[in-house]
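Okay, thanks everyone. I'll take just a few minutes on this one, so let me put it up on the screen.

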Amino acid sequence: MTSLILRTATRLLLAVLLLFSVFLLLRGHDLPGGGFIGGLVAASALALYALAFGSSAAAALLPVGPRPLMGVGLSAAALAGLLAALAGRPFLTGLWFVQDFGGYTLKLSTPLLFDVGVYLVVVGVVLTMVFGLEDD
Amino acid sequence: MLTAILLTFLAGGLAPWAARRAGASAGWLFAVVPLALSVYFASMLPRVSGGITQVTPWVPSLGVDLAFRLDGLSLTFALMISVVGVAVVSYAGGYMKDDPLKPRFLLILLSFMAAMLGVVLADDLIALFVFWELTSLTSYFLIGYKHEKDESRYGALQGLIITGSGGLAMLAGFLLLGNEVGTFRISEIVAQGDAIRASGVYLPAFVLIALGAFTKSAQFPFHVWLPNAMAAPTPVSAFLHSATMVKAGVYLLARMQPALGSTDVWFWTLTLVGSATLLATAGLSLVQRDLKKLLAYSTLIALGALVVLLGVGGTVASEAMIVFMLAHALYKAPLFMVAGSVDHEAGTRDVTALRGLGSVMPVTWTVAILAGISASGLPPMLGFIGKELAYEALLPALLPLVALIAASVAMIGIVGQVVVRPFWGRRVEAPVERPHEAPASMWLGPLVLALGGVTFGVLPMLLEPLAVPAASAVYGAPLDFYLKLWHGVNLPLLLSILTVALGLVVAFAWSRFQPALEAAFGGVRAGPAGVYDAFIKGIPKVSAATARRVQSDNLRDHLVIILGFAVGLVGLTAFLRGGILIPADALVMPSGTPYEWVVLILAAGGALATVRAHSRLEAITALGVVGFAIALVFTFFAAPDLAITQFLVETLIVILVALVLMRLPDGLLRERTGAVHRLLSGGIATVSGLLLAGLLIAVTAQPMDLRLTEFFNAASYPDALGKNVVNVILVDFRAFDTLGEIAVLVVAATGVYALLRRVRKQPPAADQGAPGGPEGGP
């Protein structure tokens, strides 16, 4: 698994794929994409990196380990639900904050936070398995 | 009231943080919490006769509210919990002075107190159940506090299993009762006693609820957990035994008496169970020589007496039950704390190893004597009034009366060992070099409680504002009575004199017969304790035997069973009963576009290659081709989200399975199966493929119901500001499902992680060459 071609290509692909995963995540509400798909792309990118360089090198790219990542994601999703409760609405009601900046519209919402949570959970789950299997 | 409970929980949450800063004075600091609660509840005293109700909607769609109601009975319990709580928390500050985990302890203790208040204040059956289970959980942590000790873990688990199972039975009873009456509001249920007693659910509801109460209040044969709960730190024992936990069952019975009482079943069940508890534990108490064990059995005696009184019912029994219970709280907590102080300062709880502590621990001994006189039921204490009333109430019921007298005799025997034996004499004997008096934090609380027993004994009218509404709530109708210390010479008094005479004999003869009894019965684990042990040991045996029979390590065996059942049962049934209708035109060769044909051939080729593959790696790669082909099909039919997901999942599956295969020993990389196996697998695979294809054709032949599609298409943007319906469903319309799914993912990944770590710790398994694989392989 240490071919030069794989390593070189992986370096390039990693950045592109991670960027693409965030792109998929953010556009998901209106166009094909979303947290689940974005998370899978990011996880594949990091899994590829783990295959090329070893899982400890891949783990070093992440600020936290894959298992804490799952926890953070699940908490973010739960928090997205609880925010609605704080606003006196039923659990997981979508809350939106829409603001125009001279033609560009900023749309922040609890479904987006929820989707970020899904993204992180998916990355954490897949990497927990990949690192667990690859790591020796 | 909800605020008071929540604030107590909050104080518990702050405890770890605050206790670390407060250091040695944390006990005093946190005693303020129950003190404030005591003041709050005491201030309710003048308004309590009519009952005060507070309702906060909780799950309105199910008719479940956080409803609280303060009447005489609730207030009695709430005051008991908070007043004893003050003594317990301040005592714990001294008792656990050097314990680095004291902050954690305070957290659990305060949470327990809050849960207990919830139990006695709740006016909703479901809310009561939730608080009830919270007390079981928190007491599990309290009993198991010294978790490095076997006996603590054993005692904690036993308490949880017994009270938790009882709690589930109780929940079933609550649901029956709530459905019958049409409300979960306790005050409304209690008002409809006649209708409940006449209905068909009365008997099952009563039995289930009584099981909850009997397990919690440690009635025979569920009493076994209580003596083992002695493994808890002493402040916990003092709290659990005097004012909380075990009193919760008594509270439940008292609360439900107007709804479920006054029947023959009620009378016989409670008096028989209570009498059995009295007799069994009175006998068992004579075997003990550990201070806390002795006191534990005296608690069981008191609980038996309370259940008997509730069973007999009526005016005098209701009064007796309340007074007896208050007296018990006021003497049992100090006695436990005395036992704890003796253990703490003199180094042992074995009464046979202690002598003459009275000269070095005068204050502790004073507390012990004050509480002991009340426990023995002697004047001028509240305990005397309680016991006289109990005798009077039981006069018409012979068996419970005899049982109570026997138990009271044993009680005096216990008091003799706890209050007199360790302290008596001039020469000091203890394992510790120089035993000394306990610090103020460890005698002030118990002293106040014990003095309370004296005060209310001498001036019982002080207790009437509380006892009268409480007894009325138990009785179910307003009562009016006066408490008096001296009732003149009557039958109860004569019985008391008899009790004391016999009790003194037991107390003095104790040192002669106890060693013989302990030698004979000390190690015996027959009866309910043996049944419990056999049950606990039996569970792993049964599950191991079951697993050996039904569990296979081979994935193929699982697939054969799962698919075989799907084809054999579901498929065959659907086929025979005409569930799969395949219209004639569906079988006509469709006219696909050329690229559709290419993808189809790709998928078919991949499938064929998978089947023909010689190595596992080859098979998994070929299977990936099938997956990608299917993803392409999704793109043709305008399902981009599905297609992307399919592509990514296929990729990751190939990577993950390849990683798994790399970890297998070389010999396992190649398939070596016999012809029979291949035929069977091939047959099942073919038939299940045909079944799925048939189902798909049959389903698509039906006109599609578009209502859901139309709804989501229409609602997606206006309601959720999203144009991608798939994503909007995932994160908004059905976000709760998604939350559940990602939680499952996390659990599954954690399981995988744990398994992989386990595998790695083991030495590499030897290559057995058989396709069954080495045991415990990934």
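This is a predicted model: local features need pLDDT of at least 70, side-chain atom pairs count only at pLDDT 80 or more; totals for chains, interfaces and linings use all residues.

Next, the helices. In chain B, α17 (residues 382-394) and α18 (residues 398-420) have axes that come within 9 Å and cross at roughly 155°. Anything over 145 counts as roughly antiparallel, so that's what we call α17(B) relative to α18(B). Their crossing is left-handed. Who makes the contact? From α17(B) we have B:Lys387, B:Ala390 and B:Leu394, and from α18(B) it's B:Pro400, B:Leu401, B:Leu404 and B:Ser408. Sorted by class, that contact comes to 5 nonpolar, 1 polar and 1 charged residues.

Last stop, the two chains together. Here 35 residues of chain B are in contact with 35 residues of chain A. On the chain B side, α26 (640-663), α29 (725-733) and α30 (735-761) each put in at least two residues. Which of them gives the largest share? That's α26(B), with 13 residues. And the make-up of chain B's side facing chain A is 25 nonpolar, 6 polar and 4 charged residues.

Okay, over to you.

Terms used:
Residues are numbered from 1 along each chain as its sequence is written. Chains are lettered from A and ligands numbered from 1 in the order in which they are written. Axes are lines fitted to C-alpha atoms, for helices over the stretch in contact, and angles run from 0 to 180 degrees between N-to-C directions. Helices (H or I, at least four residues) and strands (E, at least two) are DSSP runs, numbered from the N terminus. Angles under 35 degrees count as roughly parallel, over 145 as roughly antiparallel, 65 to 115 as roughly perpendicular and the rest as oblique. A crossing is left-handed if the near helix is turned anticlockwise from the far one by less than a right angle, and right-handed if clockwise. Two residues are in contact if their C-beta atoms, placed from the backbone, lie within 7 Å. Ala, Val, Leu, Ile, Met, Phe, Trp, Tyr, Cys and Pro count as nonpolar, Asp, Glu, Lys and Arg as charged, and the others, Gly among them, as polar.
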